[in-house]
Amino acid sequence: MNSLFSALPTTVFETMSALARQHDAVNLGQGFPDDPGPRDVREKAAEAVLNGWNQYPPMMGTPELRRAVADHYRGWQGLDLDPDTEVMVTSGATEAIAGALLALIEPGDEVVLFQPLYDAYLPLVRRAGGVPRLVRLVPPHWRLTEEALAEAFTPRTKLVLFNNPHNPTGRVFDAGELALLAHFCTRSGAALVSDEVWEHVIFDGREHRSVLALPGMRERAVKIGSAGKIFGMTGWKVGFVCAAPELMRVLSKAHQFLTFTTPPALQHAVAYGLGKERDWFLGTREGLQRSRDRLAEGLGALGFPVLPSAGTYFLNVDLAPLDPGLRDEAFCRSLVAREGVAAIPVSAFYAEQPVETVVRFCFAKTDATIDQALERLSGFA
Ligand code: GLN
């Protein structure tokens, strides 16, 4: 048995969702929307299944979807991608991340990561033989500083695993922080693998900046996207990887022996969806922004100190000003059992020196769900 993996706890998302079911709680833990997703995109998938799109599609993804991805990113992010050599479809972003790590690092290579980190990253880095170097971000600003980067990068840095917009903090890193990161990557010759699955879930008129558009990064960055997040259908597990041809040749070798392909009917529907008019994407953002504000205002009115959220489905509250002795995990366990609301303790996203006073809530929910959660939370305040 593999002791690294057998020693791992069950992912916090699975644990909290199980507790939510057990206590019949409103689940604001695991990040998934209440909304079923755009009907036209779902119809395209259903039609494609019935019309026989059910055998192995090409290993790199259907030509139709690869072209749609390149067109979409040209329109939205100004990227110039060759669909034949620079775009690959994967079975979700997590496969893309795992594949990139397997393909790009050798045992002993150092990998720079940012904590709080999405819980899959660290076990995958370790299993690929990488030696993690953690940059610690702290509330309330969660800023990326030159000092922290200078400490994490060494001559052995081979890869950086980055996430922007950032789960769980809801931060969208600014131009200065991205320039700093690009500077450190080019100086050390490291590859930059960027999990950009929340690229369309950004608020207050922000525009997403991909690492592929940063100076000096076109040849060394791997951009990862997710249809599940773009269309709010998290179970679809259709991801895209964009990278220069030389990197893509290696990345595709990992993909061909991980999942090889991704359901063709879903690829067909995603290709259609990526071509939807601009207003659909902006309207979806507006709807989520309204939900963010509804939850933030409600939590604020109950006395919870709410941290800003610029993107993702998540906002955080900092318990420290309420009661410095309150720990996020104990708070979440008690919240789900006693008040019937599930949330995620942010300490679960740290590998060392955890911040233990911050709790993450998912706001990608109907008004009724948010109001019900707030009503229950009023018992705690
Ligand atoms: N990305 C989701 C979240 O952050 C969880 C995905 C999962 O359950 N593994 O809530």
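This is a predicted model: local features need pLDDT of at least 70, side-chain atom pairs count only at pLDDT 80 or more; totals for chains, interfaces and linings use all residues.
Residues are numbered from 1 along each chain as its sequence is written, and side-chain values use heavy atoms, leaving out hydrogens and water.

**The sheet around β9**

- Strands β9, β12 and β11 form an open sheet in the order β9-β12-β11, with antiparallel pairing; two strands pair if DSSP finds at least two bridges between them.
- Helices (H or I, at least four residues) and strands (E, at least two) are DSSP runs, numbered from the N terminus.
- β9 (314-318) and β11 (344-345) stand at the edges with a single partner strand each, so one side of each has no neighbour in the sheet.
- Five bridges join β9 to β12 (residues 358-362).
- Helix α12 (residues 278-301) packs on this sheet and touches β9 and β12, its direction making about 15 degrees with that of β9. Contact means heavy atoms within 4.5 Å; axes are lines fitted to C-alpha atoms, for helices over the stretch in contact, and angles run from 0 to 180 degrees between N-to-C directions.
- In a regular strand the side chains alternate between the two faces of the sheet.
- In β9, Phe 314, Asn 316 and Asp 318 point one way while Leu 315 and Val 317 point the other way, and all are buried. Buried means under 20% relative accessible area, exposed over 50%, and partly exposed in between (1.4 Å probe, protein chains only).

**The seven-stranded sheet**

- Seven strands make an open sheet of mixed pairing, in the order β2-β8-β7-β6-β5-β3-β4.
- Its edge strands, β2 (87-90) and β4 (131-136), each pair on one side only.
- The twist from one strand to the next averages 20 degrees.
- β5 (residues 157-163) and β6 (residues 191-195) run parallel and are joined by five bridges; Asn 163 stands opposite Asp 195 in β6.
- Helix α8 (residues 175-188) lies across β3 (110-115), β5 and β6, at about 160 degrees to β5.

**Domains and cores**

- The domain assignment gives domain 1 (3-30 + 279-377) and domain 2 (39-276); such bounds come from an automatic or database assignment.
- The domain centres, taken over C-alpha atoms, are 24 Å apart, and 33 residues of domain 1 are in contact with 42 residues of domain 2.
- The largest nonpolar core has 67 residues, of which Leu 161, Val 222, Leu 251, Leu 295, Leu 299 and Phe 361 touch the most other members. A nonpolar core is a set of buried Ala, Val, Leu, Ile, Met, Phe, Trp, Tyr and Cys residues joined through side-chain atoms within 4.5 Å.
- Helix α5 (residues 93-104) gives the most to this core, with six residues.
- A second, separate core of 57 residues includes Leu 181, Phe 184, Ala 269 and Val 358.

**Helices to look at**

- The buried residues of α13 (residues 328-339) include Phe 331, Cys 332 and Leu 335.
- These buried α13 residues pack against α2 (12-22), β10 (341-342), β11, β12 and α14 (367-377).
- Gly 340 follows α13 and has a positive phi, near 75 degrees.
- The axes of α3 (residues 39-50) and α11 (residues 264-274) come within 8 Å and cross at roughly 145 degrees.
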